Amino acid sequence: MSSQGSNPRTNLLGKSAEELRAFLESLGEPGYRGAQLYHALYAERRFDFAAMTNLPAALRERLAREASIALPRIVRRHSSPDGTVRYVLALAPDSGSAPAGEGRAAPANIEAVFMPGEKRQTICVSTQAGCAVDCRFCLTATLGLARNLTAGEIVAQVLVALEEHRATLKPQTNIVLMGQGEPLLNYDAVMAALRILLDPNALAISPKHATLSTSGIVPGIERLAQEKVRPKLAISLNASSNEQRDQIMPINRKYPLEMLLEACRKYPLRPWEHLTFEYVLLGGFNDAPEDARRVAKLLAHVRCKVNLIPWNPGALPYAKPDAARVEEFRAILADKGLRIFVRDSRGQDVQAACGQLALAESAASSPA
Ligand code: SF4
């Protein structure tokens, strides 16, 4: 694996098949070698050119001189007894894949989380370093936005987590874009990464196993609706009225509930698909029976399921809802015919549960 840092070589990570083809042609190589390189990099997950045995030896040597595969450096691994690992990853000052004209990307620390399961692993990735959306229950919000991640930096998080567990991987990988950042505010890089992650010729993750979670950026939802290749969509709802949502999600003032739910109702769901609404239950704030009844009314005409996430005790001043209150909330929604799940928050002890992806290391190093 090539190292990051002051390497002036072209970083190939995050490049599409077409971009790799163009790169090889720029070196005077046949364009079809691009597809071979793409396969070696993303399908076989080879990060050392010498190991790309589907390429001629002379080309491998040339690539080693002229290109790099700049995976982020693992700064720290926080492991939980349930097998969850939260990675703190250092991004290079210049990954080499920043869009032309945008200059050098700033260094940043981000996080990714690997969660093992019986038949699958789930990888939670960040799409921005920090976040500007400022949800009041979210530790990441306290960092502010450092910068957008490039497509390569998003794909790299998945590659690093898979590589770390290569010997014990289950056949299915789930991806959730629920780490640091609002994915729909870094739209182009997120979609470029998803096209690689979901490509059967690359990482081959099924669109049924990839979920993008948004705070409710309505123009982004409308844009996503037009994409041929797209993940499932989850909306972070967390409130039963505009007044309540304004208090914990300031983005609601820009895209209030009626606008958000209109976009959800119009969203062109595939036959197998439903929207997911995430609802963090903050004890004494949004967990009353009347909240549940209002949520049921809001979601009445949307094909969806609801994930209830009892608040994880953490650094922010909210109370954990008591179990009876959670059950009552669940039962009211279920009675109204909604598909509803109470999510366990795995990895709480390593702060890898929802809304907890922020870290002292980032706070310390964030330029924001
Ligand atoms: Fe940003 Fe998501 Fe945190 Fe809101 S919950 S501040 S969108 S990272």
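Analyst: One cut-off to begin with: a residue counts as buried under 20% relative accessible area, as exposed over 50%, and as partly exposed in between. Also keep in mind that this is a predicted model.

User: Got it. How do I use that cut-off on R136: what is its relative accessible area?

Analyst: R136 has a relative accessible area of 35%. That value lies between 20% and 50%, so R136 is partly exposed.

User: And over the whole chain, what share of the residues is buried?

Analyst: Of the 368 residues in the protein chain, 56% are buried. The chain exposes about 15500 Å², with 51% of that area coming from carbon and sulfur atoms. As for secondary structure, there are twelve helices and 14 strands. Contacts tell you about the fold too: take those between residues at least 6 apart in sequence, and 69% of them link residues at least 24 apart.

User: Back to R136. Which residue does its side chain meet in a salt bridge?

Analyst: The general idea comes first: side chains of opposite charge can pair when their charged atoms come close. Here the partner of R136 is D134, at 2.7 Å from N to O. D134 is partly exposed as well, with a relative accessible area of 34%.

User: How many salt bridges are there in the structure?

Analyst: There are 19 salt bridges. R166 and E163 make one of them, with their closest N and O atoms 3.1 Å apart. Both ends are partly exposed: R166 has 39% relative accessible area, and E163 has 28%.

User: Now take the salt bridge of R270 and E273. Is R270 buried or exposed?

Analyst: Buried, with a relative accessible area of 17%. E273 is buried too, at 2%, and the two side chains meet at 2.8 Å from N to O. Elsewhere, salt bridges with shared partners tie E29, R62 and E66 into one network.

User: Next, the ligand. Which residues are around it?

Analyst: Start by listing the shell, then sort it by residue class. The shell holds C131, V133, D134, C135, C138, A141, G181 and S215. By class, that comes to five nonpolar residues, two polar and one charged. D134 is part of this shell, and D134 is also the salt-bridge partner of R136.

User: Let's do a strand. How many residues of strand β4 (residues 85-91) are buried?

Analyst: The thing to know is that side chains in a regular strand alternate between the two faces of the sheet. With β4, seven of the seven residues are buried, so the strand is largely enclosed by the rest of the structure. You can read this face by face: V85, Y87, L89 and L91 lie on one side, R86, V88 and A90 on the other, and all of them are buried.

User: Which strand does β4 join through six bridges?

Analyst: That is β3 (residues 73-79), which runs antiparallel to β4. Across this pair, R77 stands opposite Y87. The hairpin of β3 and β4 has five residues between the strands, and G83 there takes a positive phi near 95 degrees. β4 also pairs with β5 (residues 108-116), again antiparallel, through seven bridges. On that pairing, L89 stands opposite I110.

User: What about positive phi in residues that aren't glycine? What is the phi of R45?

Analyst: About 55 degrees. R45 is in the loop between α2 (33-43) and α3 (57-66), and R45 is buried, at 15% relative accessible area.

User: And where is A204?

Analyst: A204 sits in the loop between α5 (187-197) and β10 (210-214). Its phi is near 60 degrees, again positive without being a glycine. At 47% relative accessibility, A204 is partly exposed.

Note on methods: Residues are numbered from 1 along each chain as its sequence is written. This is a predicted model: local features need pLDDT of at least 70, side-chain atom pairs count only at pLDDT 80 or more; totals for chains, interfaces and linings use all residues. Side-chain values use heavy atoms; hydrogens and water are left out. Helices (H or I, at least four residues) and strands (E, at least two) are DSSP runs, numbered from the N terminus. Buried means under 20% relative accessible area, exposed over 50%, partly exposed in between (1.4 Å probe, protein chains only). Contact means heavy atoms within 4.5 Å. Accessible areas come from the Shrake-Rupley method with a 1.4 Å probe; for residues, only the protein chains shown count as cover. A salt bridge is a side-chain nitrogen of Lys or Arg within 4 Å of a carboxyl oxygen of Asp or Glu. A residue is near a molecule or strand if one of its heavy atoms lies within 4 Å of it. Ala, Val, Leu, Ile, Met, Phe, Trp, Tyr, Cys and Pro count as nonpolar, Asp, Glu, Lys and Arg as charged, and the others, Gly among them, as polar. Two strands pair if DSSP finds at least two bridges between them.
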